[in-house]
Amino acid sequence: MRRSPRNKLGQSNSIELPSYDEIGLVLQGGGALGSYQAGVYEGLAEAGIEPTWISGISIGALNTAIIAGNAPEDRVEALRGFWNTICQPADFLGHMGALIPTVFGFPNIGRRWSSMWSATRTLTEGQKGFFEPRVAVPMPLAHSARKLPNEVSFYDTAALRATLLKYANFDRINDGNVRVSVGAVNVRTGNLVYFDNTKMRLEPEHFMASGALPPGFPAVEIEGEYYWDGGLVSNTPLTEIISESQHRDTLVFQVDLWSSKGTLPSDFLDVSERTKDIQYSSRTRAITAFVSQNQKHARMIKELLEHIPEKVRRNHPLIKQAQEIADGGAVNIVHLIYKDKFFEGHYKDYEFSNDTMGEHWASGLEDIRRSFGHPEWFEIPSHDLGFVTHDVHRYEAPPASVADEAGGVPREPEPADEVDAG
């Protein structure tokens with residue numbers, strides 16, 4: 001066992017981890033739900049765990065910039081500053097709409113109203129320090145008058161650049177102390193690319209490109225190419241870490257904002273919400289299933305190699321290559337998946353109220369603390385097994401504090417699939 005590097009900061013809740021070669025933090029896209037990731041990171045910080053590699057998409061990329069762009073002891077405070085900047089307090093209608101039903105004994109109706117009204121304000125007003133509505137939305141014009149991709153959107157995200165510069169030091173991001181990878185889609189080619197601080201200098205535009213979800217947000221131009229939100233192709237940047245960790249023992253904290261499991265929709269708004277859940281979470285399941293299958297193949301190769309004479313194994317180039325595949329590292333994924341609140345609807349990814357942000361944050365902090373209550377999850381998997389995944393919602397019922405708010409009854413734990421990453 002080795003002590004996490006951040007224990008030198010003296011946190012009282014620091015824990016010990018085995019000697020992993022890589023500690024990854026994977027942050028999915030999900031707009032306003034991203035404060036859940038900030039809560040998870042606070043839990044990592046209080047446990048003294050410092051990621052060596054952070055990979056993000058969309059809002060996950062913005063959180064990545066704040067984490068990697070600050071000294072370890074300043075990261076949680078910087079995340080709070082960022083989220084308090086881009087989230088807004090309730091206005092008069094929001095307060096009254098929540099208060100009046102509560103006075104008459106219907107607090108759930110009041111909470112739903114305040115959440116819905118906040119999302120409506122986001123659509124009409126934008127979010128301070130993040131985006132604002134364009135004065136004139138570009139409309140279809142004659143071919144000769146068409147605009148560039150970075151001019152065609154409902155909102156202008158220019159304010160986000162200043163916010164990122166305020167809360168993240170880009171010299172620190174690029175100093176190589178923490179590896180950073182953020183995904184975006186090349187608008188011209190349709191290819192997903194990762195901007196990586198080991199291969200280029202990262203600037204605010206690289207992180208803004210990762211979160212440029214059309215048609216709401218404009219494409220971001222970088223070196224003559226235009227980029228959109230990486231979630232259009234893959235909302236979970238797990239493969240970027242896994243693909244380069246084949247021969248390294250790797251612990252990954254994967255923080256997802258969309259759950260593949262949910263209730264059947266009963267109206268068109270439910271259909272919209274359920275579609276988002278499936279669209280943005282399904283790639284995770286495909287990736288983890290792929291990794292698990294690769295590990296099974298590696299075990300098969302290793303068993304077959306035992307039947308080949310040692311002299312052949314030492315000298316034959318193809319056999320040596322097969323040996324390298326068979327000797328791959330072990331991957332342990334600790335999965336944190338946001339679970340919807342009773343008051344949320346199809347607008348949950350653009351509901352940026354301060355109250356909801358705080359609840360998301362608290363959920364992330366609670367989930368990672370509960371995960372640390374299972375120290376056996378953090379052991380390095382045997383190389384014969386090669387790959388394991390853990391999810392606190394899969395193995396245990398939630399405590400009373402996160403019981404279903406609508407009925408006060410704790411949710412049942414989800415069934416433990418062989419590889420359940422959604």
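Q: What is the secondary structure of the protein chain, and how many residues does the chain have?
A: The model is predicted. Its secondary structure comes to 14 helices and 13 strands. The chain has 422 residues, and 53% of them are buried. Of the contacts with a separation of 6 or more, 74% are between residues 24 or more positions apart.

Q: How do I read a helix, and what is the span of α5?
A: An α-helix has 3.6 residues a turn, so residues three or four places apart point the same way. Helix α5 covers residues 107-125, which is 19 residues. From its first C-alpha to its last, α5 reaches 26 Å, close to the 27 Å expected at 1.5 Å a residue.

Q: Which residues of α5 are buried?
A: They are G110, R111, S114, S115, S118, A119, R121 and T122. The cover over these buried residues includes α4 (92-103), β6 (155-156) and α13 (354-372).

Q: What follows α5?
A: G126 follows α5, and its phi is positive, near 80 degrees.

Q: Which residues have a positive phi without being glycine?
A: S58 is one of them, with a phi of about 60 degrees. S58 sits in the loop between β4 (53-57) and α2. Its relative accessible area is 11%, under the 20% cut-off, so S58 is buried. E223 also has a positive phi, near 50 degrees, and lies in the loop between β9 and β10 (225-229). E223 has a relative accessible area of 83%, over the 50% cut-off, so E223 is exposed.

Q: Where is the cis peptide bond?
A: The cis bond joins P214 and P215, with omega at about -5 degrees. P215 is in the loop between α8 and β9 (220-222).

Q: How do I read a pair of aromatic rings?
A: A pair of aromatic rings is described by the distance of the centres and the angle of the planes. A search of the whole structure finds 17 aromatic pairs. In one of them, F131 and F352, the ring centres are 6.4 Å apart and the planes stand at 70 degrees, so the pair is edge-to-face. The two residues are 221 apart in the chain: F131 is in the loop between α5 and β5 (132-133), and F352 is in the loop between β12 (331-337) and α13. Both are buried.

Q: What are the distance and angle for F342 and F343?
A: Their ring centres are 5.4 Å apart and their planes are at 90 degrees, so this pair too is edge-to-face. F342 and F343 are both buried.

Q: Which residues do ring pairs link into a cluster?
A: The cluster is made of F130, F131, Y155, F217 and F352.

Q: How much space lies in the second largest pocket, and which residues are closest to its centre?
A: About 660 Å³ of space lies in that pocket. It is lined by 33 residues, and those closest to the centre are L213, G216, F217, D349 and Y350. Elements giving two or more residues to the lining are α2 (59-68), α5, α8 (204-210) and α10 (268-305). By type, the lining has 21 nonpolar, nine polar and three charged residues.

Q: How many cavities of 30 Å³ or more does the structure hold?
A: There are two. The second largest cavity has about 40 Å³ of space. Its lining is A68, N70, R75, R172, I173, D175, N177, V178 and V180. These divide into four nonpolar, two polar and three charged residues.

Q: Is A32 buried or exposed, and what is it in contact with?
A: A32 is buried, with a relative accessible area of 2%. A32 is in the loop between β3 (22-27) and α1 (35-46). Beyond its neighbours within four places in sequence, A32 is in contact with W83, K348, D349, Y350, E351, F352 and H360. The C-alpha atoms of A32 and H360 are separated by 8.9 Å, although these residues are 328 apart along the chain.

Q: Is N174 buried or exposed?
A: N174 counts as buried, at 17% relative accessibility. N174 is in the loop between α7 (170-173) and β7 (179-186). Apart from neighbours within four places in sequence, its contacts are N197, M200, R201 and L202.

Terms used:
Residues numbered from 1 in each chain as written. Predicted model: local features only at pLDDT ≥ 70, side-chain atom pairs only at ≥ 80, totals over all residues. Heavy atoms only, no water. Helix = DSSP H or I, 4+ residues; strand = E, 2+ residues; numbered from the N terminus. Expected span 1.5 Å × (residues − 1). Buried < 20%, exposed > 50% of the residue type's maximum accessible area, 1.4 Å probe, protein only. Contact = heavy atoms within 4.5 Å. 1 Å grid on protein atoms, 1.4 Å probe; cavity = no way out; pocket = protein on both sides within 12 Å on 5 of 7 lines; lining within 4 Å. Points joined across faces, edges and corners; volume = space filled by probe spheres on them. Nonpolar A, V, L, I, M, F, W, Y, C, P; charged D, E, K, R; others polar. Phe/Tyr/Trp six-rings, centres within 6.5 Å; stacked < 30°, edge-to-face > 60°.
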